Amino acid sequence: MILDNLKNINCYKGISKNMDIAIDYLMNCNFEDSDVGKYDVDGENIYCIIQEYATKAIEDGKFEAHRNYIDIQLVLKGEEYIGYAPVKDLIPIGDYDSNKDKINLSGAGEMHLIKSNMFGIYFPHDGHKPSIHHTETNIKKAVVKIKV
């Protein structure tokens with residue numbers, strides 16, 4: 001898991017070719033004009049989902065993890081807490097959904113406040129619980145999915 005400000009995202013180039021393409025996309029896209037939806041970057045290798053939603057109480061959130069994709073979650077407007085815990089320390093809730101590349105998990109973890117222009121990078125071994133509030137707020141976020 002990596003947390004940082006968008007101005008530093010170039011520091012994370014070199015992890016993989018797909019990560020480099022995703023970073024270039026984040027640096028060059030004007031998200032203010034982006035509507036909610038899915039945007040193609042490089043087919044199923046890299047795509048971006050623009051989301052808008054109200055944050056929720058911690059007890060309403062679930063940890064999740066992915067097997068085939070890395071997430072870069074960039075908060076564009078607002079702020080939210082995102083929980084973090086290693087997948088090995090969490091308990092699966094139900095089965096892995098291969099269509100959504102997602103497994104829900106339960107357990108305890110750290111909470112990190114992610115403000116506008118901050119991002120988190122979540123690898124397959126990183127459980128993450130997004131969309132949590134300390135005060136309910138509306139969020140606009142870009143989630144870039146990067147095939148591993």
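These are my notebook entries on a predicted model.

**Entry: the sheet**

I began with the strands. Which order do the strands of the open sheet take? I read β1-β10-β5-β12-β3-β2, with 6 strands in total. The pairing is antiparallel. Next I looked at the edges. β1 and β2 (37-42) stand there, and each has a single partner strand. One side of each is therefore left without a neighbour in the sheet. On average it is 20°, with direction ignored.

Strand β3 covers residues 46-54, and strand β12 covers residues 138-147. They pair in the antiparallel sense, over 9 bridges. Cys48 has Val144 of β12 opposite it.

**Entry: the helix across the sheet**

Which strands does α1 lie across? I noted β2, β3, β5 (69-77), β10 and β12. The helix runs at about 150° to β12.

**Entry: cysteines**

How many disulfides does the model hold? The count comes to 0. A disulfide needs two cysteine sulfur atoms within 2.5 Å. For Cys48, the closest cysteine sulfur is in Cys29, 6.6 Å away. That is too far for a bond.

Is Cys48 buried or exposed? Cys48 is buried, with a relative accessible area of 0%. Cys11 is exposed, and its relative accessible area is 60%.

**Entry: aromatic pairs**

How many aromatic pairs does the structure hold? I found 3. I wrote down two of them, starting with Tyr12 and Phe119. Their ring centres are 6.0 Å apart. Their planes stand at 80°, so I logged the pair as edge-to-face. This pair links distant parts of the chain. Tyr12 sits in the loop between β1 (2-5) and α1 (17-28), while Phe119 is in strand β10. The two are 107 residues apart. Both Tyr12 and Phe119 are buried.

The other pair I noted is Tyr25 with Phe31. Here the centres are 6.0 Å apart and the planes are at 80°, so this pair is edge-to-face. Tyr25 is buried, and Phe31 is buried as well.

**Entry: charges over rings**

I looked for charged ends placed over aromatic rings. Which ring does the charged end of Lys38 sit over? I found the ring of Tyr47, with its centre 4.2 Å from that charged end. Arg67 gave me another case. The charged end of Arg67 sits over the ring of Tyr96, 3.8 Å from the ring centre.

**Entry: positive phi**

My last search was for backbone angles. Most residues other than glycine have a negative phi.

Asp101 is one of them. Its phi is positive, about 45°, although Asp101 is not a glycine. Where does Asp101 lie? I placed Asp101 in the loop between β7 (91-97) and β8 (102-106). Asp101 is buried, with a relative accessible area of 6%.

Asn117 also has a positive phi, near 75°, and is a residue other than glycine. I found Asn117 in the loop between β9 (110-115) and β10 (118-122). Is Asn117 buried or partly exposed? Asn117 is partly exposed, with a relative accessible area of 38%.

Key. Residues are numbered from 1 along each chain as its sequence is written. This is a predicted model: local features need pLDDT of at least 70, side-chain atom pairs count only at pLDDT 80 or more; totals for chains, interfaces and linings use all residues. Side-chain values use heavy atoms; hydrogens and water are left out. Buried means under 20% relative accessible area, exposed over 50%, partly exposed in between (1.4 Å probe, protein chains only). Helices (H or I, at least four residues) and strands (E, at least two) are DSSP runs, numbered from the N terminus. Rings of Phe, Tyr and Trp (its six-membered ring) pair if their centres lie within 6.5 Å; planes under 30 degrees apart count as stacked, over 60 as edge-to-face and the rest as tilted. A charge sits over a ring if NZ of Lys or CZ of Arg is within 6 Å of the ring centre and within 35 degrees of the ring normal. Two strands pair if DSSP finds at least two bridges between them. Axes are lines fitted to C-alpha atoms, for helices over the stretch in contact, and angles run from 0 to 180 degrees between N-to-C directions. Contact means heavy atoms within 4.5 Å.
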